[in-house]
Amino acid sequence: MEAINKRVDELRMYEGNARRNDTGVAKVAASIKQFGFLNPITIDENNVIISGHTRLKAAMQLGMEEVPCVVHKLSEEDAKLARIVDNKSHEYSTWDVNKLHQELDHIKLDAKTTFFTPNRDRKFFQDHKLLIFGNNELPITEEEYARLKALYDDYIAENKTYLGFVMFLTGGKEE
């Protein structure tokens, strides 16, 4: 696969894209500004985006005229499935919090690391024994954390997704 540069105005958003990505645009724009494009936008032969809608919106926000792209020749059905798989794949990953802490130990979380929210993420990285619900921060004990983590891990192992976990915890039923 070779990345080629395409003009932003040549690319077309896929109208059936089910992912709501507008809230991530500013964060991705900041990442592109700091590191450049880490992943090219994937498009079909008609310049319709398969993966990279948020990256394109971020590039437009930055006023970029060209972006790196990779062209994939997929059937319409495979392109639809690839869009969903690309957006859904993060659900099957979790963080090894200890390794994350080790990686972040020597990184100064400041204005240049805009991918992190200044208060919420910094507190999580400093002490991951904190539950956060919107603007409410609830400290929990080591034992509570261990029990909740075990439930969460078991839920993901059984369901292959975190979706529905809160409903499971509260005894509700999935819709």
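Predicted model: local features only at pLDDT ≥ 70, side-chain atom pairs only at ≥ 80, totals over all residues.

Before counting, I settled my terms: helices are DSSP runs of H or I with at least four residues, strands are E runs of at least two, and both are numbered from the N terminus.

**Overview.** With those terms I count 7 helices and 6 strands in the chain. Reading along the sequence, I get β-α-β-β-α-β-α-α-α-β-β-α-α. I looked up burial next: 29% of the 175 residues count as buried. The exposed surface comes to about 12700 Å², with 52% of it supplied by carbon and sulfur atoms. For contacts with a separation of 6 or more, I find that 65% join residues 24 or more positions apart.

**The sheet.** Which order do the strands take in the open sheet of 4 strands? I read β1-β4-β2-β3, with mixed pairing. β1 (4–7) and β3 (49–51) are the edge strands; each has a single partner, so one side of each lacks a neighbour in the sheet. From one strand to the next, the twist averages 55°.

I then zoomed in on β2 (residues 41–43), which pairs with β3 in the antiparallel sense over 2 bridges. T42 has S51 in β3 as its bridge partner. Helix α2 (residues 53–61) packs on this sheet and touches β2, β3 and β4 (66–71). The direction of α2 makes about 115° with that of β3.

**Aromatic rings.** My ring search gave 4 aromatic pairs. One of them is Y152 with F165, edge-to-face at 5.1 Å centre to centre and with 80° between the planes. Y152 sits in helix α6 (residues 142–159) and F165 in helix α7 (residues 165–169), 13 residues apart. Is each of these two buried or partly exposed? Y152 is partly exposed at 26% relative accessible area, whereas F165 is buried at 9%.

I also looked at Y155 and F168, a tilted pair with 5.3 Å between centres and 40° between planes. Y155 belongs to α6 and F168 to α7, so this pair too ties together parts 13 residues apart in sequence. Here Y155 is buried, with a relative accessible area of 6%, and F168 is partly exposed, at 43%. I wrote down Y152, Y155, F165 and F168 as one aromatic cluster.

I checked for a charge over a ring and found R83 over the face of Y14, 3.6 Å from the ring centre.

Notes. Residues numbered from 1 in each chain as written. Heavy atoms only, no water. Buried < 20%, exposed > 50% of the residue type's maximum accessible area, 1.4 Å probe, protein only. Contact = heavy atoms within 4.5 Å. Areas by Shrake-Rupley, 256 points an atom, 1.4 Å probe, with all protein chains shown as cover. Pairing = 2+ DSSP bridges. Axes fitted to C-alpha atoms, helices over the stretch in contact; angles between N-to-C directions. Phe/Tyr/Trp six-rings, centres within 6.5 Å; stacked < 30°, edge-to-face > 60°. Lys NZ or Arg CZ within 6 Å of the ring centre and 35° of its normal.
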